[in-house]
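Please keep the sequence and the structure in view while reading.

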Amino acid sequence: MSERDDGVAVPWTRRRFSAAVGAALVPIGCGQPSPGPAPARALTAQDRLLAEFQGAYPDEMAATGRVHEVELVAGPTTLEVGEQPAMQVWAYNGQVPGPTLRIRLGDTLKARFVNRLPMSTTIHWHGVRVPNAMDGVPHVTQPPVEPGGTFDYEFTPKDAGTYWFHPHVRGSEQVERGLVGVLIVEDPVPDPYSQDVLWVLDDWRLDPTGQIDGKFNTRHDLAHDGRWGRMRTVNGRSDEVLRVRPGERIRLRMLNCANGRAVVPHFGSLRPKLLAVDGKYLRAPIEMPRFEMAPGNRLDVDITFDLVSERVPVSDLFSPSRPHVLGSIEIDGEPVDTPQFESPAAAHVPRWTGGLEQPVHHDYRMNARRGGEHGIEWMFDNQPFTGHDAHTISIDLVRHRFHRVRFSNESGRLHPIHMHGTFFRVLARNGVPVDEPFFRDTVLVRGRETVDLGMVPTDIGKWMVHCHILEHAESGMMTLVEVHDDDWAPSRS
Ligand SMILES: [Cu+2]
């Protein structure tokens, strides 16, 4: 069931939409109070883009009143992977990956976080449209949680889908050490899949003793696409097998939580349908394309198994000449009836073909230079991020308005760009229009590539934009945008 017709989503009201379009009629930068009712006039391109957006996702979500209270404790523990010696890791609630929190759309999550790490941390809820104060960015939305400290997160997600959570302090170390958890927001009435399965894809770089290599943000990591480890895991295991019976129809949710590695999942003889990207349903299901899952991306696929017994390897084809088997799916046992229902991928996703006629609101140039704490600094606009406590806002956005934002990669490295607090759609790559039938919160920008994004922010506040190669972020490739309320205009001072 899509969010459009579930009865829980609060659609944009006519009043709210009119307000948004009304705001669009006031040219930004004029700053003058309107002398009276605006004269009737033709719809602008901005109005048309907003009208297309209407119904894509709700501005607010009515709470069901169901509250899920959980405690998340970050602390040291051990993990055994295959034949490796026990590895010292950091984990939420003693598990790697951490607990999967499963709630329904409209439910409220109350998470009491306890820090038992030897350093400060926070929790960021990746992809979830939360109130700004719940976004987990130290010094910007909350103080860092010191060792022994606690923080209470509480929010009602506005979108069903597959999300995840991780620290936003020294991410390149804390995420690599194992601090990753998953938040699944189910539809109000989940479809009757035979199984709803999660695969958390990760890699680990070990030292010669089999422990996590304690050298973080190395010059090599920074000069390349971050830290890529040779030990690969799915759900913390090197030999993950998903067992299904012939006839089953499953929903497989995949998350790439590696620091730097991109993954192109390939399902061999199987024919999965892509359902959702970064949590959000597609316009309609499509045959699984070659999809470069950058760190942070999630893909949900719908797979029906034929009436045969076989074991199908699921491979990573990011480097086609060096395929890597991630895990496998074993089809065996007594056949079952295949659940029959319409795909939940039936979202309203605006095409926004007019988006490329809008002026570029900001063009972020991405590059690096020598220097800084780690020897190399990654930057937006020649400006390395110097710490959350000394942040500056790079651009202003206005809620309920369409913005076209460009990311120009002047380097040869990969930069998966993640925006907090909003979804966006890719409008063009290297100036060539693309119509991805889905929203995203993270997009892989290749070397020398330029990507144009379209977005309509729904939540005010200060939100991070950063590279999700955590070593690039740690060495400066982070910035903040501020989303202002509908009636905001820049000051003329
Ligand atoms: Cu990067």
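Strand E21 (residues 362-370) runs antiparallel to E22, and the two pair over 5 bridges. Strands here are DSSP runs of E of at least two residues, helices are runs of H or I of at least four residues, and both are numbered from the N terminus. Two strands count as paired if DSSP finds at least two bridges between them. Within this pair, Asn 367 has Met 379 in E22 as its bridge partner. Both strands belong to an open sheet of 6 strands with mixed pairing, ordered E22-E21-E24-E29-E26-E27. At its edges lie strand E22 (376-380) and strand E27 (432-433), each of which pairs on one side only.

Two remarks on the source are needed. Residues are numbered from 1 along each chain as its sequence is written. The model is predicted, and local features need pLDDT of at least 70, side-chain atom pairs count only at pLDDT 80 or more, while totals for chains, interfaces and linings use all residues.

A further open sheet, also described as mixed in its pairing, consists of 4 strands in the order E13-E20-E19-E15. Its edge strands are E13 (241-244) and E15 (265-266), each pairing on one side only. E13 pairs with strand E20 (residues 324-331) in the parallel sense, over 4 bridges, and Leu 242 stands opposite Ile 329 in E20.

For the protein overall, 5 helices and 31 strands are assigned. The C-alpha atoms occupy a box of roughly 75 × 55 × 45 Å along the principal axes. Of the 493 residues, 47% count as buried. A residue is buried if 20 or more other C-beta atoms lie within 10 Å of its own, exposed if 12 or fewer do, and partly exposed in between, with C-beta atoms placed from the backbone.

The domain assignment, which is automatic or taken from a database, gives domain 1 (191-347) and domain 2 (353-484). Their centres, taken over C-alpha atoms, are 26 Å apart. Domain 1 contributes 24 residues to the contact and domain 2 contributes 22 residues; residues are in contact if their C-beta atoms, placed from the backbone, lie within 7 Å. On the side of domain 1 that touches domain 2, the elements giving two or more residues are helix H4 (219-223) and strand E17 (280-287). E17 supplies the largest share of that side, 5 residues.

The largest nonpolar core has 117 residues, and those with the most contacts inside it are Leu 183, Val 200, Leu 201 and Leu 282. It draws at least three residues from each of domain 1 and domain 2. Such a core is a set of buried Ala, Val, Leu, Ile, Met, Phe, Trp, Tyr and Cys residues joined through C-beta atoms within 7 Å. Leaving aside residues up to four places away in sequence, the contacts of Leu 282 include Val 277, Ala 345, Pro 437 and Phe 438.

Asp 302 lies in strand E18 (residues 298-304). Asp 302 counts as buried because it has 20 C-beta neighbours inside 10 Å. Beyond residues up to four places away in sequence, Asp 302 touches, among others, Arg 249, Arg 251 and Lys 273.

Methods: Contact = placed C-beta atoms within 7 Å.
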